[in-house]
Amino acid sequence: MIYRPFDETGDALPVLNASDLLTGPDAAAAALRDHLNLFPGDWWEDPERGNELPDLLAASRLSEKEAGPLASWLCSYIQDFPGISSVTEVQASVSDGVFRFSCMAHTEQGEKAAVEFFAG
């Protein structure tokens, strides 16, 4: 997998050479980050595609007991992403109404990509 690099604020960085592109686990992590931050209706080619979790979280007050089911849903969502074979090292918590999630996503090429997500 190759992927365009982005800065810490999410803006695309210029690619002047092929070596500027992300590859391996860095590319997988960047693609997953974008996948998790794509809301339904954001992508004109497929308005149904997108992570519904932020909308669900905005509509309710979270407690720690919801962390497990939310993490399970996110793991399934990540595993449905092309090129991802499994998800391990899952950690999830809810604090002050904010859901925090992290995991390691394993690619079909045997690489691991660190994934972090928070919403609320």
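How many helices and strands are there in the chain? The chain has three helices and five strands (DSSP runs numbered from the N terminus, helices being H or I of at least four residues and strands E of at least two), and from the N terminus on they go β-β-α-α-α-β-β-β. The model is predicted, so local features need pLDDT of at least 70 and side-chain atom pairs count only at pLDDT 80 or more, while totals for chains, interfaces and linings use all residues. Numbering starts from 1 along each chain as its sequence is written, and side-chain values use heavy atoms, with hydrogens and water left out.

As for overall dimensions, the C-alpha atoms fill a box of roughly 45 × 30 × 25 Å along the principal axes. Buried residues (under 20% relative accessible area, 1.4 Å probe, protein chains only) account for 32% of the 120 residues.

Now for helix α1. Buried positions in α1 include Ala27, Ala31, Leu32 and His35. The buried residues of α1 pack against β1, β2, α3, β3, β4 and β5, going by contacts (heavy atoms within 4.5 Å).

Strand β4 also holds His106, which counts as buried because its relative accessibility is 18%. The His106 side chain makes a polar contact with that of Thr88 at 2.6 Å (a pair of N or O atoms within 3.5 Å, one able to donate a hydrogen and the other to accept it within protein, with residues adjacent in sequence counting only if both atoms are side-chain atoms). Leaving aside residues up to four places away in sequence, His106 touches Thr88 and others, among them Gly83, Ile84 and Glu111.

How values were computed. Buried < 20%, exposed > 50% of the residue type's maximum accessible area, 1.4 Å probe, protein only.
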